[in-house]
Amino acid sequence: MTEPLLRVRNLSVRFRVPGGMITAVDGVTLTLGRGQIVGLVGESGSGKSMTMLALARLVQTETGIVAADELTFDGQPVLSMSQRQLSALRGPGMGFIFQNPFNSLNPLLTVGRQISESLILHMGLSRKAALDRAIELLARVGIPDPHRRVQDFPHQFSGGMCQRAMIAMAIACEPKLILADEPTTALDVTIQAQILELLGGIVRETSSSILLVTHDLGIAASVCDHVHVMYAGQIVESAPVEPLFYDHRMPYTAGLLSSVPRFDGEGVPPLSFIPGRPPGPREFTDCCRFSARCAHRRDVCLARRPALSPRGTPDHLARCVATEPGGWLEAGL
Amino acid sequence: MTALVQLDDLVVRFRVGGGFARARAFNAVDRVSLRIDEGECFGLVGESGCGKTTLGRAILRIHAPHSGTVKFAGQDITRMGGNRLRTVRKGMQMVFQDPYGSLDPRMTVEQIVGEPIRTHEPARRGVLRERVQEALVAVGIDPDRLGDYPHQFSGGQRQRIGIARALAIRPRFIVCDEATSALDVSVRAQILTLLADLRQRHGLTYLMISHDLGSLRYLCDRIGVMYLGRLVEVAPVAEIFARPRHPYTRSLLSAMPIPDPRIERARRRIPLSGDVPSPLAAPTGCCFHTRCWLHQRLGEPPRCATESPALRDMPTGKVACHFSEDMAAQDTAL
């Protein structure tokens, strides 16, 4: 087997806050293969975006402390890199797509200029060649009339077109990994469908990988090969997409899935919900962090910290005492 | 059943742009006729800018209609003002999307939830605290927290407080404008369950405005689909999901992801090209024809570009499409 593109072992992100430290990301371990779309799914405050930023060393170093036993991208250790090495890594290695396309583009520069920037910086293209390439990229992401639109400013683009322009910037240097943080959350559903289709097409054509941060289980079901579910700063379940949806081994995953009101199928199934709310980083405990809301809780859940351990196959992991071998939910949820 | 809300040919017009020579007007809500029965839950779905929020606000007379009529409980309130409008408004309330922005951070829960009572029923001040506590209990907030401020509550709890405020004067009709959109999945299900429960217990009538089809299906009896200010389809909830009659509804349904990988990956998407046109440059004829897959499949019949389709009766609902009858055949051929 070839070396995975990204290998992360025991990643943590901690922040200095008045009155102590909080741990926003706690012991995240994951690998990402080439040509894969991997989802990080969770509710707000679960640490999914922070994990993504930490992987690219984009956490503010004045307040945030990123540590990991291993963080390698394409065989290179990321944590020990200098700023210069990081810059070389981010351009051709990683592309970024953020949630709000309006805030992420510079309103004072034309779209073409913004796409050209990384091409000139990282690929050594001339200004003219970079602009030609920018036109090709705009065409690739489905912007009509790219020769004219390349001269436009972001305010002349609609939300969907801004997001396409961001994707054009992200793929400009043909990165091996695209980090996408809620790339369609600010968009309407018909535009969302177009953008997801585009991202899937990019992975098929270029064998880039995508790490997709989303709160939407429907999107994960639609495009991801493998999904990590995060809760309270930790990965609580990790599995290829089908086992995750059909054979989950963590009560939180089950609760999340049954909380989504479905519009497909016959009749209206009763909606169940998880009582309470997800804890904030100041409320993280050393026992099972979901136990306070879990219907299957027993005393042992509060007594020890559950490990993320395999369930059946080596690529299906769960953090739950009840579904461990010998646990009271071993047979499944 | 009696109609609680009745709209006839309602137009809400906004002016945009600079000096009055350059000012342009567009219809944010364009010739909408609709009735919502007493006790019914009506859902309104559409993409951003389609006019669904404006329609909801026009019913509450937050926006003044340009033409057409708005009736509430049999009374024509289109041009009503002053004290008479205030009396009518006792029967209608609104729940907003943003649980952070819609509660005044300097007011206590008692002041927030009590405000509609102070406004509408000043004579009942003696029982104010009792009424506030009753509303809080109804939405599952500890009534001992009367003196707390919004920042002391989580997002889901704040949304419950927003609902308690709407309930406090015992309205008949509540407009929920994306009331669950800002909430996390697990919390959203709690609020949906609460809304369904309150409707049962108090016999409320809802207008649910949302872009989330799953939430609408869970709560609503009928659903209306809006596009560029027009109501393009209205149908009972089971019908609209099983047999959409408008090509836009069909595309909207196919674009919503389903959290089930096998179903999701076996689905046929019916993609829409491009973006929603600006309402200032709304297409002639059918407002949807510039993005319509059915229009393209049928070889771009000129009628779509020249004649605006009326919302006409179908066996189970209403649809505004000249070629709705041809849709099923074209859909399977795609």
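Predicted model: local features only at pLDDT ≥ 70, side-chain atom pairs only at ≥ 80, totals over all residues.

Visitor: What makes helix 5 of chain B roughly parallel to helix 6 of chain B?

Guide: Helix 5 (residues 155–167) of chain B and helix 6 (residues 185–202) of chain B pack at an angle of about 20°, and their axes are 10 Å apart. Angles under 35 degrees count as roughly parallel, and therefore helix 5 of chain B is called roughly parallel to helix 6 of chain B. The crossing of helix 5 of chain B with helix 6 of chain B is right-handed.

Visitor: Which residues in helix 5 of chain B meet which residues in helix 6 of chain B?

Guide: From helix 5 of chain B come Gly155(B), Gly156(B), Gln159(B), Arg160(B), Ile163(B) and Leu167(B), and they meet Val187(B), Gln190(B), Ile191(B), Leu194(B) and Leu198(B) in helix 6 of chain B. Sorted by class, the residues of this contact are six nonpolar, four polar and one charged.

Visitor: At what angle do helix 3 of chain B and helix 5 of chain B pack?

Guide: Helix 3 (residues 109–120) of chain B packs with helix 5 of chain B at an angle of about 35°, with the axes 7 Å apart. On the side of helix 3 of chain B the contact is made by Val109(B), Ile112(B), Val113(B), Glu115(B) and Pro116(B), and on the side of helix 5 of chain B by Ile161(B), Ala164(B) and Arg165(B). The residues of this contact divide into six nonpolar, no polar and two charged.

Visitor: Why is helix 4 of chain A called oblique to helix 5 of chain A?

Guide: The axes of helix 4 (residues 111–123) of chain A and helix 5 (residues 127–140) of chain A cross at roughly 120° and come within 8 Å. Roughly perpendicular covers 65 to 115 degrees and roughly antiparallel begins over 145, so helix 4 of chain A is oblique to helix 5 of chain A. Helix 4 of chain A passes helix 5 of chain A in a right-handed crossing, and the residues making the contact include Ile115(A), Leu119(A), Leu131(A) and Ala134(A). By class, this contact has seven nonpolar, two polar and two charged residues.

Visitor: How do you know that the radius of gyration of chain A agrees with a compact globule?

Guide: A compact globule with 333 residues would have a radius of gyration near 20 Å, and chain A has 21 Å, so the value agrees. Along its principal axes, the C-alpha trace of chain A spans about 65 × 50 × 45 Å, while the C-alpha atoms of chain B fill a box of roughly 70 × 55 × 45 Å. Chain A has 12 helices and 13 strands, and chain B has 13 helices and 12 strands.

Visitor: How many residues does the contact take from chain A and from chain B?

Guide: The contact takes 35 residues from chain A and 34 residues from chain B. The residues on the side of chain A that touches chain B divide into 17 nonpolar, 11 polar and seven charged.

Visitor: How many residues of domain 1 of chain A are in contact with domain 2 of chain A?

Guide: The domain assignment gives chain A a domain 1 (6–231) and a domain 2 (232–263 + 271–333), and 22 residues of domain 1 of chain A are in contact with 25 residues of domain 2 of chain A. The largest share of the side of domain 1 of chain A that touches domain 2 of chain A, eight residues, comes from strand 2 of chain A.

Note on methods. Residues numbered from 1 in each chain as written. Chains lettered and ligands numbered in written order. Domains from an automatic or database assignment. Contact = placed C-beta atoms within 7 Å. Helix = DSSP H or I, 4+ residues; strand = E, 2+ residues; numbered from the N terminus. Axes fitted to C-alpha atoms, helices over the stretch in contact; angles between N-to-C directions. Left-handed = near helix turned anticlockwise from the far one by under 90°. Nonpolar A, V, L, I, M, F, W, Y, C, P; charged D, E, K, R; others polar. Rg over C-alpha atoms; globule rule 2.2 N^0.38 Å.
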